[in-house]
Amino acid sequence: MRYLPLTDADRREMLARIGVATVDELFTDIPERMRMAAPADLPRAKGEMEVERHLGAMAARNVSASSVPFFIGAGAYKHHVPATVDHLIQRSEFLTSYTPYQPEIAQGTLQYLFEFQTQVAMLTGMEVANASMYDGSTAAAEAVLMAHRVTRRRKAVLSGGIHPHYAEVMTTLSDLAGDEVVRLPPDVTATEDLLAAIDDSVSCVVVQTPDVFGNLRDLRAVADKAHAHGALLVAVFTEAVSLGLVEAPGAMGADIVAGEGQSIGNALSFGGPYVGLFATRQKFVRQMPGRLAGETVDADGRRGFVLTLSTREQHIRRDKATSNICTNSGLCCLAFTIHMSLLGESGLTRLARVNHANAVKLAEALAAVPGVKVLNETFFNEFTLRLPKPAAAVVEAMADHHVLAGVPVPRLLPGAGLDDLLLVASTEVNTDADRAAFVAALTEVL
Amino acid sequence: MLNRQGRPTTPGAAVESAHPTFTGNRALQQEEPLIFEFGRTDVIGVDLDEPAPVADRLGGLKRKDTIGLPGLSEPEAMRHYVRLSQKNYGIDTGLFPLGSCTMKHNPRLNERMARLPGFADIHPLQPASTVQGALALMDELAHWLKELTGMPAVTLSPKAGAHGELAGMAAIKAAIAARGETATRNVVLVPDSAHGTNPATAALIGFTVKAVPAREDGTVDPAEVAKLAGPDTAAIMLTNPNTCGLFERDVVEIARVIHEAGGYFYCDGANFNAIVGKARPGDLGVDAMHINLHKTFSTPHGGGGPGAGPVVLSDRLAAFAPLPYVRLDDGRFSLVEHAAVSDQSPLGRLTAFHGQMGMFVRALAFMLSHGADGLKQASEDAVLNANYVRACLADLMSLPFGNRACMHEVLFDDAWLKGTGVTTLDFAKAMIDEGYHPMTVYFPLVVHGAMLIEPTESESKASLDLFIATLRDLAFAVRDGDTARFTGAPYHAPRRRLDETRAARQPVLRWTAPAPVAEAAE
C-alpha cells in the first residue's frame with residue numbers, strides 16, 4: 001500500500017521491541033466478541049490509475065458550470081478564481097498544517113488570518129472580524145445566538161428575504177436551544193414591514209442584502225428602530241462581491257454581519273467547503289464565537305501573531321463556551337484572502353461593476369422575452385423572474401438545451417405559491433453569447 | 001520594535017545572532033510585512049476590463065466610502081504567500097505527533113480528484129439530472145461509512161467534528177421529543193477526559209452536562225455511569241478510543257447501562273483511526289458517532305479547516321437525521337431537501353446546501369486507495385507506531401496509567417519532570433528546535449501536564465527511531481539540568497516564544513493605519 005511506509009520486517013522488529021507476538025495483542029482491550037472476524041465487505045486497495053478511472057467516471061456524469069452558459073446563484077456563485085490562488089493554497093505548509101496552537105511554527109497561518117480578519121472588517125464596514133466560520137448559514141445562526149448573549153433576550157425576527165436555507169438553519173438551532181424565532185413570510189419584492197415586528201422583547205432583527213430574491217435593502221431604518229428597542233441588527237449576505245459596489249452593512253448600522261465568502265477565491269464544489277465571514281463591533285468582541293488571531297510580540301520583541309481570547313472557546317470553557325465551534329474554514333479563508341489581495345480595492349470594485357453590468361444587461365434582455373417579467377426594482381447581480389410556466393419545468397427544459405438557467409424558487413420554498421418564480425444570477429464569467437443562449441433557450445421552452 | 005514596514009527598527013537588533021543582518025532576514029527565513037504595509041489600493045493582480053456604463057439598479061445604495069483594501073500584483077502576491085507558508089510547519093515538513101488530531105499523510109491524488117470540474121465546478125442547486133455523479137459519490141461514501149462502522153444510516157452534511165456532534169445530539173434530542181420526554185430527559189453525561197466540544201455541544205442545545213470521573217486506569221467505570229444514569233439521562237457522550245489513548249474496555253456494559261436507563265450512546269469518533277477494520281461502533285451499542293473525515297480519512301487539515309463531520313446513526317435515530325439526504329429511486333438519485341417531501345422525521349437543517357463535497361471526494365479517494373484491507377492495515381500500523389514510541393520512551397518519561405498497550409496515541413504526564421524546572425510546555429518548545437511539531441500538550445485534562453503523542457500510520461520506522469532518539473536526548477538533557485535548552489526554547493523557529501498574555505489583555509485583532517509619524521526636527 002503506497003501510503004504505508006512500514007515493511008513486514010519493520011513490523012516484526014517493532015512488535016519484538018514492544019514485547020508482543022502479534023499486532024492483535026495490542027487490541028486486547030476490545031472485547032473479543034466485538035473484534036471483526038472478517039474484513040469489512042468493501043473493495044480492496046486500488047492504485048492511482050484505478051481510483052482516477054472510478055472517480056473520473058463519476059465526475060463525467062455531472063454538468064460543470066464552465067461547460068455551459070451558467071446563471072445559477074442563490075447563495076453560491078460562479079466566479080473566476082485566479083490560478084495563483086489554487087496554486088498557493090496547495091503549498092504543503094498551508095495545506096498540511098494544523099490549527100496554529102504552536103504559534104512559533106505557525107506564523108504563516110496566523111499572519112494570513114490576521115490579514116483576513118482585517119479584510120473582512122474593512123469589507124463589511126465593521127470593527128473586528130473572526131478567523132471564519134463553517135459557511136454563511138452557520139455564521140448567521142451563530143450571529144443570532146451571539147445577539148441573544150449580548151441582549152440577554154431570546155427572540156429573533158427573520159426577514160422574509162433571507163435565504164430559506166439560512167432561515168432554516170437559524171430556526172433549527174434556535175429550536176434546539178429553546179429560543180424563539182419569528183420568521184416573516186417570503187418577501188419577493190422587499191416590501192415587508194420589518195419595523196412592526198420590533199419591540200422590547202426582540203434580541204435581533206436579521207436582514208439579508210442583497211436578499212435571496214436579489215433586492216438590495218436599505219438597513220438604516222431597521223437599525224434605528226432595533227437600537228431604540230435595545231435590539232441588534234444582524235446583516236446577512238451571500239454574495240461577498242456585492243460589497244465592492246453596495247453600501248457596507250456596517251455603514252448602515254449593523255451590529256453583527258454574517259456572510260458567505262465563497263464568491264472570493266473558492267470553487268462552487270457542490271455546496272462546500274465554503275467560508276463563513278463574521279464581523280461585529282469592538283465592544284461585542286468577547287461575545288463573539290470562533291477563533292481570533294491577534295498581534296503580540298515574541299521574547300525578542302519582534303511582532304508575531306497568536307490565537308487569542310480563547311477563554312471564550314470550548315476547549316477552555318467547555319459547557320460555558322460562546323459556541324461549540326472548534327475548526328474554522330482555514331484553507332478557504334486563505335483562498336479568500338489571496339484572491340482579495342490580488343483584487344485589492346480597485347479590482348474588487350471593478351469586479352463588482354462588471355457583475356452588476358452583466359446582470360443589468362441580462363435583465364433587460366430577459367424582460368423583452370414575451371411573458372417574462374423581472375420583479376426587482378433593485379438588484380446587484382441576481383434578480384427574480386416571473387415566468388408564464390412553472391419554473392422547475394422551465395429549468396429542466398433549458399438544461400436539455402445546455403443552459404443552466406437559475407434556481408426555481410419552489411426548490412427553496414416549496415408550497416409557498418411561488419412556483420412561477422426563477423432566481424437568475426449573472427457574474428463576470430457570462431459573455432454576450434451566454435446571454436444570447438439564455439434568451440434563445442428561454443424563448444424556445446416557453 | 002517594528003517600523004511601519006513591519007521590519008525591526010534597528011536592523012538586525014532583534015536577531016539573536018553574532019552576525020546581524022540589515023534586513024532582519026536570516027537567509028531562507030524572511031521577515032514579511034502585512035499586505036496593508038506594502039499593498040496599494042490602486043494595484044490590481046487580476047486583469048479585468050472596465051464594463052461599459054449601464055443605468056445602475058442599485059436604488060441609491062451605492063457604496064460611498066472607500067474600503068481601503070490593498071492590492072498586490074501577481075508576483076508580489078506569490079512571494080508574500082510563499083514566504084508566509086515558509087513560516088509554517090506541516091505534515092510534509094516532518095513528524096506531526098499531535099494527539100487526537102490524526103495528522104496523517106494527505107495524498108495528492110485526493111487533491112487532484114477534488115479538483116475535477118465535475119466535482120469542483122458544480123453548483124449545489126443545479127437540477128438533479130445534471131449532478132447524478134455527485135449524488136452517486138455521496139451515496140458511495142455513505143456506503144463506506146456505514147460498512148466501516150456497522151451502522152445503518154449516515155448524515156453527510158455536518159461541516160466539521162463539532163458540527164457533527166451537534167447533528168448527532170440534535171437527533172437524540174428529536175428522538176427524546178418524539179417520545180414525549182423533553183421536559184424530563186435532559187442530562188448528558190460527559191467523562192472528564194472528553195474534548196471540550198462535547199460539553200459545549202450538549203449545553204448549546206439545552207442539555208445539562210454532568211461529568212463522569214475517570215477511574216484510576218484512565219477509562220470510564222460502568223458502575224460510575226450506573227450511579228449517574230436514570231430517568232433524566234438523555235445520553236452519554238463517550239470518546240472511544242478515549243483521549244488517554246485507551247480503548248474503553250467496558251464500552252458494551254456502558255452502552256447497556258445507558259440504554260437500560262432509556263438514554264442514547266453518543267460516541268465521539270475523533271479517534272476512529274485506531275479501530276477501522278478492527279471493530280465496528282455499531283457492534284458496541286453506539287447510537288450516533290461523528291467521523292472526522294479530516295482525521296481518519298485524511299482530508300487536509302488546512303491550518304484549521306475546513307473539516308467534515310458525517311454522523312452515523314442507529315436505527316433508533318436514523319429517522320431524525322437532518323436535511324438534506326440523498327435518495328435513490330429506480331436508478332436515479334435525488335436530494336430530499338424539505339420535511340414535507342420526506343418520509344422520515346428530519347430534525348431540520350443544520351447548514352445551507354449538502355455538506356463538504358470537496359472533502360467527500362478526498363475521503364472517498366482515500367478509502368478507494370486503501371480498500372478494506374489497507375484501512376485495516378493503516379489502523380494496525382497507527383497502533384503499532386504509538387506502542388513502539390511508548391515502549392521506547394517508557395523508561396524515561398512517565399505513563400500515568402502504567403506501561404500497558406495503548407491505541408493509536410500514547411499519553412505521558414509530567415511526573416517525570418517534577419522538580420526539574422522544565423514544564424510540559426518547555427519540553428514541547430524544545431521539540432520545535434529539534435525540527436518536530438510538538439505533541440498535544442495539557443490535554444486531556446485528567447492527567448497533569450499531559451503529552452499526547454499520535455504518530456499515525458504515515459511514519460516509517462526510521463522516522464520514529466530518530467524521533468525517539470531526539471526525545472531521549474531531550475529527556476537526558478532535562479535529567480542533566482540543561483534547563484536553558486527548554487525554558488528559552490524555541491531558539492531557532494521563525495519566532496521565539498510569543499506573549500499570549502499581552503495578546504489577550506490588549507487585543508489587536510486587525511491592522512489599523514498607523515498615526516502619521518512626526519518628522520524629525522532636523
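In the hairpin of E8(A) and E9(A), which residue takes a positive phi?

Author: A:Gly301 does, with a phi near 80 degrees. The hairpin has 5 residues between its strands. This is a predicted model, where local features need pLDDT of at least 70, side-chain atom pairs count only at pLDDT 80 or more, and totals for chains, interfaces and linings use all residues. Residues are numbered from 1 along each chain as its sequence is written, while chains are lettered from A and ligands numbered from 1 in the order in which they are written.

Now the two strands. Helices (H or I, at least four residues) and strands (E, at least two) are DSSP runs, numbered from the N terminus. Strand E8 of chain A covers residues 293-297 and pairs with E9(A) in the antiparallel sense, over 5 bridges. Strands pair if DSSP finds at least two bridges between them. One bridge joins A:Ala293 to A:Leu307 of E9(A).

E9(A) spans residues 303-307 and is mostly covered, with 5 of its 5 residues buried. A residue is buried if 20 or more other C-beta atoms, placed from the backbone, lie within 10 Å of its own; it is exposed if 12 or fewer do, and partly exposed in between. In a regular strand, side chains alternate between the two faces of the sheet. In E9(A), A:Arg303, A:Phe305 and A:Leu307 point one way. A:Gly304 and A:Val306 point the other way. Both sets are buried.

Next, the partner chain. 172 residues of chain A are in contact with 183 residues of chain B. Contact means C-beta atoms, placed from the backbone, within 7 Å. On the chain A side, helix H10 (residues 330-367) gives the largest share, 22 residues. By class, that side has 84 nonpolar, 52 polar and 36 charged residues. Here Ala, Val, Leu, Ile, Met, Phe, Trp, Tyr, Cys and Pro count as nonpolar, Asp, Glu, Lys and Arg as charged, and the others, Gly among them, as polar.

Chain B itself has 15 helices and 12 strands. Of its 522 residues, 59% are buried. Its C-alpha trace spans about 85 × 80 × 45 Å along the principal axes. Among chain B contacts between residues at least 6 apart in sequence, 72% join residues at least 24 apart.

How values were computed: Contact = placed C-beta atoms within 7 Å.
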